[in-house]
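Let's go through this protein together, one question at a time. Have the viewer open and follow along.

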Amino acid sequence: MSVRVRRVYDPAEPEDGARVLVDRLWPRGLAKDAARVDEWPKALTPSTELRRWYHAGGASYEEFAERYEAELASEEASAALDGVRELARAGDVTLLTASKTPQQSHATVLARLLAS
């Protein structure tokens, strides 16, 4: 089992396994068939308020990650996270995001939680 993070705009690779989009909005300029997304659990995405706060600047990634993990404790998000855990138990999973810096995004927080 492996969980990795990639940009949704990157071409799909055979080792991606299940491709899970973890952004709330569909990525701009990307056709749905070209993305090859298997799952899109919107309950796993950060709230609009948290995203705006983080992108406004001045916030550290660590503080964002803490706040995001707190949001993931909700019943709906927890159930969605369990669903992706099941996918990961069955094989490889790639978390997809449109973020220009995926290693400093919510997708990396999710990958860490799934790996633990």
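Predicted model: local features only at pLDDT ≥ 70, side-chain atom pairs only at ≥ 80, totals over all residues.

Residues are numbered from 1 along each chain as its sequence is written, and side-chain values use heavy atoms, with hydrogens and water left out.

Q: In what order do the elements of the protein chain run from the N terminus on?
A: Helices (H or I, at least four residues) and strands (E, at least two) are DSSP runs, numbered from the N terminus. The protein chain has five helices and three strands. Their order is β-β-α-α-α-α-β-α.

Q: What radius of gyration does the protein chain have, and why does it agree with a compact globule?
A: The radius is taken over C-alpha atoms, and the globule rule is 2.2 Å times the number of residues to the power 0.38. For 116 residues a compact globule would come out near 13 Å, so the chain agrees with its own value of 13 Å.

Q: Is T45 buried or exposed?
A: T45 sits in the loop between α1 (32-35) and α2 (48-55). Buried means under 20% relative accessible area, exposed over 50%, and partly exposed in between (1.4 Å probe, protein chains only). Because its relative accessibility is 5%, T45 counts as buried.

Q: Which side chain makes a polar contact with the side chain of T45?
A: A polar contact is a pair of N or O atoms within 3.5 Å; within protein, one must be able to donate a hydrogen and the other to accept it, and residues adjacent in sequence count only if both atoms are side-chain atoms. The backbone oxygen of K42 lies 2.7 Å from a polar atom of the T45 side chain. The side-chain partner, at 2.8 Å, is R24.

Q: Which residues is S99 in contact with, leaving aside its neighbours within four places in sequence?
A: S99 is placed in the loop between β3 (93-97) and α5 (106-115). Its side chain reaches the backbone nitrogen of T101 at 3.1 Å. Contact means heavy atoms within 4.5 Å. With those neighbours left aside, the contacts of S99 are R7, D23 and S105.

Q: What separates the C-alpha atoms of S99 and P27?
A: Along the chain these two residues are 72 residues apart.
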